[in-house]
Amino acid sequence: TGMFTYDPGFLSTAATQSAITYIDGDKGELLYRGYPIEQLATQCDYLDTCYLLLKGELPNAPQRDEFHNLVIKHTMVNEQMQFFLRGFRRDAHPMAVLTGLVGALSAFYHDSTDINNPEHREIAAIRLIAKMPTLVAMAYKYGMGQPYMYPRNDLSYAGNFLRMMFGTPCEDYKVNPVIERAMDRIFILHADHEQNASTSTVRLCGSSGTNPFAAIAAGVACLWGPAHGGANEACLNMLEDIQRMGGVAKVGEFMEKVKDKNSGVKLMGFGHRVYKNYDPRAKLMQETCNEVLAELGLENDPLFKLAKQLEKIALEDDYFVQRKLYPNVDFYSGIVQRAIGIPVNLFTGIFALARTVGWIAQLNEMIGDPEYKIGRPRQLFTGSVRRDVQPLTKR
Ligand code: CMC
């Protein structure tokens, strides 16, 4: 009953208006607030990008300093957080830990609980952007059994994150500018991507008026899945599997499996709901991949060679051509992160760190929209018609 449009997976329903991110999937174009991702990735840093996504304009020099100073005032997390973390098994998946930690932030800040209050949202936004690197690094250090590294505010956003990840109290950590730039680029490329599953989750969750930190925790939970943020992890696992099977020589055999619909095997890091052309982020990521591998003397990295071979074959194969399947951002980001030393199961956590600003910008936009209502999808009911409960002896 009911006259509702039936559109599973939202293939043709615009759930919202938005002025933040524009994707032209046919051209393979991505713009944040009108600026091409290629220009942002080469001329701006991640905090500039955060400012742009949140406020709609790139910062001028004083605005940039002010924003940076505001963010670094909030990089520490409450000391209680480490006791919360300690409740997890050391081998817990970092995304399970991160879902918990971000959700737990909602218990700490009594001055930023009201999602409908712009001041509350503003301070929650700064806290989240500032604390995500600290939380992701803590989740990593906890798994390693190493001491947490407190943030250092004289470093860049990416540099501070790298130090919290790879520094130890025994040794001063030297930030390598090539790696720092690569990390920052990974953050920029993942900062927003319009109404994907996790962003839509954050909007729907926030539309009930919940605590802002809780709404972002819902986004983290959604991002975890292998069809979304978990694809970079799945992609690297796939490359490692092929490598174990025999590497480049086995690519043809693997591709046959991918094309066999009964195998259930997909070429991870390929295909996208919106891009029916090369994902512009994948191009930038491939460039970064070359730079990082050269810097670290890993030009002959077998997984990179394997990835390039898979890409080459896929781009020429009818199966992929007909379906317009191209590499997406995750195809090369895993190789870069692995080279930097980030463990595979932390890739999605880094994606979550970077996407937090996009989630917040989209949440702010929704709440600022005079037409905003609680999200409440309808259904086409396919269950039983009305019937009566029978006594237990007659069922
Ligand atoms: N390998 C093999 N076949 C594929 C792939 C792939 N990676 N992606 C799509 N197809 C096939 C699919 O089987 C379907 O074939 P047919 O028309 O014969 O049934 C056709 O291409 C259309 O794909 P779809 O699954 O209907 O498209 P969708 O928009 O529902 O799914 C997707 C998009 C990203 C979930 C899917 O392409 C996929 O699972 N890719 C691998 C996972 C991945 O890399 N995800 C990262 C997305 S980008 C980062 C992010 O947004 O988080």
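The C-alpha centres of domain 1 and domain 2 lie 28 Å apart, the domain bounds being taken from an automatic or database domain assignment. This is a predicted model, in which local features need pLDDT of at least 70 and side-chain atom pairs count only at pLDDT 80 or more, while totals for chains, interfaces and linings use all residues. Residues are numbered from 1 along each chain as its sequence is written.

**Domains and their contact**

- The assignment gives domain 1 as 48-224 + 349-368 and domain 2 as 231-340.
- Nine residues of domain 1 are in contact with 13 residues of domain 2, contact meaning that the C-beta atoms of two residues, placed from the backbone, lie within 7 Å.
- On the side of domain 1 that touches domain 2, the elements giving two or more residues are helix H8 (177-189) and helix H17 (347-368); helices (H or I, at least four residues) and strands (E, at least two) are DSSP runs numbered from the N terminus.
- H8 provides the largest share of that side, seven residues.
- The residues of that side divide into eight nonpolar, no polar and one charged, where Ala, Val, Leu, Ile, Met, Phe, Trp, Tyr, Cys and Pro count as nonpolar, Asp, Glu, Lys and Arg as charged, and the others, Gly among them, as polar.

**The sheet**

- Three strands form an open sheet in the order E1-E2-E3 with antiparallel pairing, two strands being paired if DSSP finds at least two bridges between them.
- Strand E1 (21-24) and strand E3 (35-36) stand at the edges with a single partner strand each, so one side of each is left without a neighbour in the sheet.
- E1 pairs with strand E2 (residues 29-32) in the antiparallel sense over four bridges, and Tyr22 stands opposite Leu31 in E2.
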